[in-house]
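Could you walk me through this model in my viewer, one selection at a time? I would like to know what to select next and what is there.

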Amino acid sequence: MSWLEKLLPPKITPTNPTERRSVPEGLWIKCPSCEAVLYKTDLEKNQNVCPHCSHHHRIGARARLNAFLDAEGRYELAQEVLPVDPLKFKDSRKYPERLKEALETTGETDALIVLGGAVQGVSVVVACFEFDFMGGSMGSVVGERFVRAVEEAIAQKVPFICFTATGGARMQEGLLSLMQMAKTNASLTRLAKKGLPYISVLTDPTMGGVSAGFAFLGDVVIAEPKALIGFAGPRVIENTVRVKLPEGFQRAEFLQTKGAVDFICDRRELRNTVANCLAMLQRQSADAVVAD
């Protein structure tokens, strides 16, 4: 008998290593900012914001909309608009194959989701990008859904809000994707002529043609903390302008100092902040906004 067997109480038997149950994957998440190990369920209850360092983890479109909108009175718009392959595009894979993979991964039919609803009782139409659908790229469907969202806001005479999380235009649709910049901007001009507010919320990341188009056209432009916001990558810019760029020049905090972003808002405070902004933009009394 070994010394270990002598020390162990008779009712305690050692576990066979081959029979040990493994810990299920995905229960714990390591914060990339402070490296704290976080329980996934607790992180999701905190809107995917680290409770230790307030690092804003990326979040899916549905989860974001569920946290932002009031629970009652929601309805989805333009879900019948689906992508096609007019250019018969193929790189390493065919475009329809990439669309099918994105559908299976996210459960969404394209990178933009549009819902009508309310924020603390204030009626709104909200468009939100799903970054996991081909990098939140903007193609013809994204442009069409965006325009229909704006048209619904005009028809209902309510404010329009857009959450961006995108890598830019979708190369598989070529010029058709670039045309969406003009199409979406024209719809926002119609919204402005009706005197209806447009709030743009920039999340991580907001890049490419979306940032160069409607992302910065909001009456109020809000950004999440440390969100990556820009057009091209740092290496491309430095090679073009031949100038060493300051560290963090494409982060929300730097853009705020240059006036490109109105203010930065913690995700957990966004409902109250947007509701108050809408009350001011529509010249409503602050007492009309009901706090959580």
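Start by selecting asparagine 46: leaving aside residues up to four places away in sequence, asparagine 46 touches Pro51 and Arg268 (contact means heavy atoms within 4.5 Å). Asparagine 46 sits in the loop between α2 (40–45) and α3 (61–68); helices (H or I, at least four residues) and strands (E, at least two) are DSSP runs, numbered from the N terminus. Between asparagine 46 and arginine 268 there are 222 residues in sequence, yet 7.5 Å in space, C-alpha to C-alpha.

A note on the model: it is predicted, local features need pLDDT of at least 70, side-chain atom pairs count only at pLDDT 80 or more, and totals for chains, interfaces and linings use all residues. Residues are numbered from 1 along each chain as its sequence is written, and side-chain values use heavy atoms, with hydrogens and water left out.

Next, color the sheet. Seven strands make an open, mixed sheet in the order β3-β4-β5-β6-β7-β8-β9, where strands pair if DSSP finds at least two bridges between them. Its edges are β3 (75–77) and β9 (263–264), each pairing on one side only.

Finally, zoom in on β4 (residues 112–119) and β5 (residues 122–129), an antiparallel pair with eight bridges. Here glycine 116 has valine 125 in β5 as its bridge partner.
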